[in-house]
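Good morning, everyone. Please take a look at the structure first, and then I'll walk you through it.

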Amino acid sequence: MHNLRALDLADNFLVGELPHCLPTELKPSTGGSFIHSTSLNIHILLLSKNQLSGEFPMLLQSCQSITILDLAWNKYSGKLPEWIGEKLPSIVILRIRSNKFSGHIPGGFTKLDHLRYLDIANNSFSGTIPQSLPCLKGMINEPENLETVFLFGVALENGFGAFDVFGLFHYSISFVLQGQQLEYSKGLVYLVGLDFSSNKLSGHIPKEIGSLVELVNLNLSWNQLAGNIPDQIGELHQLTSLDLSYNQFSGEIPSSLSNLTFLSYLNLSYNNLSGRIPRGHQLDTLNADDPSLMYIGNPGLCGYPLAKNCPENGTSQGQTVKSHHDGSFCAGLSVGFVIGVWMVLASLLFKKSWRFSYFHHFDRQYDRLNVFLTVTSAIYLQKATRFKDGRS
């Protein structure tokens, strides 16, 4: 089937493995000799919701034109091969969620220049998020020529998805977005996301993730990630869904999250976050029914929308700022006092006339005080004597 471009076998009861390789075929070359042809020009392969097993299909090495690959909800296992980045250069959507894959996330993903959606959720991946992963070009820039990126030069009029290949083929793909599983059939090329949820990933979120400015969905929930939430997430201005729940993140929630004006879903629950919850812009409109659910399970958090109030001086950051200001004031006051005293002493030491005037003035004030005390005590004693005589 050399003209096969799209194959949809999803939602069936297929078992076993795909063939490890294509059967070789002899074709005459221009010189009259014969060559082996073992490649398929297929662009869409949907195999989700079956019972397929084995390792990542070796057959896909011969399918270098694939743009959409969906292997979700099967029984695949083992590690992902490094050749993905070299053998699948045109892939735009890769979905392998709900399998039994393990091992580290291969760094070869960064060679997938057109990758727009990567869903590896609900597997057993371990290790850290590759530092180079946030360099995926397809998630940094909008494709210059969407028709070239998506499929085989056919003019697509329905927005990439539910499109009509020669009037025969329609399809849709389900994604977990905003905490729900949603079916998408249009605009798939504009749905940019990373879903690494429900794995065993550890370490921290790379700061370079702020370069993926086209991201719409970022889901890292149900892992073992730790450290601070990087401020650079606030640079993902297209983000509509952010889920970092059920991890071990600590520190304060970055105020840069208020810059995410398109954000409609946020979940930071069940971490070790602390400090005052930032407010402003989109953060004040999320989850109108019970906004506290976004932050539940973080005993150190305080402020709206939680019932726990923050101290008067605010978060630990506020305490630090106040302490810094108090320390600066005391230091400035001490320095000013010392300088002032030395200026007075220096003037008295080097200016003889000032010194005489100062001590003369001091003597006069002393004499006045002495006279005042003497007169006052005398009057008091006189009154006391009269009072005593009157009583007698």
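I'll go through the overall fold, then the core, then the aromatic rings.

First, the ground rules. This is a predicted model: local features need pLDDT of at least 70, side-chain atom pairs need 80 or more, and totals for chains, interfaces and linings use all residues. Numbering starts from 1 along each chain as its sequence is written, and side-chain values use heavy atoms, leaving out hydrogens and water.

Now the fold. The protein chain has four helices and 23 strands. Those are DSSP runs: H or I of at least four residues for helices, E of at least two for strands, numbered from the N terminus. The protein chain has 392 residues, and 41% count as buried. Buried means under 20% relative accessible area, exposed over 50%, partly exposed in between, with a 1.4 Å probe and protein chains only.

Next, the core. A nonpolar core joins buried Ala, Val, Leu, Ile, Met, Phe, Trp, Tyr and Cys residues through side-chain atoms within 4.5 Å. The largest has 62 residues. Phe56, Leu69, Phe196 and Ile233 touch the most other members. A second, separate core of 12 residues includes Leu46 and Tyr117.

Finally, the rings. Phe, Tyr and Trp rings (six-membered for Trp) pair if their centres lie within 6.5 Å; planes under 30 degrees apart are stacked, over 60 edge-to-face, the rest tilted. The count is six aromatic pairs. Trp222 and Tyr246 are stacked, 3.8 Å centre to centre with 10° between the planes. They sit in two loops, 24 residues apart. Is Trp222 buried or partly exposed? Partly exposed, at 48% relative accessible area. Tyr246 is also partly exposed, at 31%.
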